[in-house]
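Please consult the sequence and the structure shown below alongside the text.

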Amino acid sequence: MVKDLIVKNRSFRGYDESCVFTREQLMNYVDGARFCASSINIQPLKYFIAYDKEDVDKIQCRIKWARQLPQMTLPHPGMCPTGFVVICQDKNISDNLCRFMKDVGIVAQSMLLMATEEGLGGCMIGNFGAQDIREGLDLPDNLQPLLVVAFGKPAETIVLTDVGEDGNTAYYRDENDVHYVPKRSLEESLIN
């Protein structure tokens, strides 16, 4: 069952904006994330949740989507996420920003799996300026934004395909705006 959630959990870049998040929904994801493993159990991660339009818009205008599709504007107008969680590291707890990057991945994936279980989805976004996010959200200097996680009700089709003989793993969209994501085979992923 967990594997089914993992397969369903895609990086969505188009959402139904009529499905809005509440503070309680996003707090529930963070509540799940706080139980995740943390390097030497230091737990330096803090979370900014955005669910009202003003905060959501402050984040949306400061992030970039789908770096492999520079010719496209994604999300398309009217298809933006309606919730965000900005994962930050509290430098007062630890200023070693590299040590806890695996923790960031663990908590982000955990929150996205919780959303997927509810029939929702999201996308991890690392393409932003940390200082720009900090200033836009009026965060104190000790909080370093590390990853933005978008949440919403998916409104696009994503198809997993096999990587072709050319080895190209770049995702792409067809003329119907269907998003294709090539994945390496199990055999190619194993070392032995």
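**Charge pairing and overall fold**

Asp 55 is buried, its relative accessible area being 17% (buried means under 20% relative accessible area, exposed over 50%, and partly exposed in between, with a 1.4 Å probe and protein chains only). The model is a predicted one, in which local features need pLDDT of at least 70 and side-chain atom pairs count only at pLDDT 80 or more, while totals for chains, interfaces and linings use all residues. Residues are numbered from 1 along each chain as its sequence is written, and side-chain values use heavy atoms, with hydrogens and water left out.

**Salt bridges around Asp 55**

- Asp 55 and Lys 58 form a salt bridge through their side chains, at 3.8 Å from N to O (a side-chain nitrogen of Lys or Arg within 4 Å of a carboxyl oxygen of Asp or Glu).
- Asp 55 and Lys 58 are three residues apart in helix 3 (residues 53-60), and therefore about one helical turn separates them (helices are DSSP runs of H or I with at least four residues, strands are runs of E with at least two, and both are numbered from the N terminus).
- Lys 58 is partly exposed, at 26% relative accessibility.
- A network of salt bridges links Glu 54, Asp 55 and Lys 58.

**Other salt bridges and charge**

- Arg 173 pairs with Asp 177 in a salt bridge, with the closest N and O atoms 3.2 Å apart.
- By the salt-bridge rule, the count comes to nine.
- The chain carries 20 positive and 27 negative side chains, and the centres of the two sets lie 4 Å apart (Lys and Arg count as positive, Asp and Glu as negative, with His and the chain ends not counted; the charge is placed at NZ of Lys, CZ of Arg, CG of Asp or CD of Glu).

**Fold and packing**

- The chain has six helices and seven strands, arranged along the sequence as α-α-β-α-β-α-β-α-β-β-β-β-α.
- The radius of gyration is 17 Å, close to the 16 Å that the globule rule gives for 192 residues, so the chain is as compact as a globular protein of that length (taken over C-alpha atoms; the rule is 2.2 Å times the number of residues to the power 0.38).
- Of the 192 residues, 44% count as buried.
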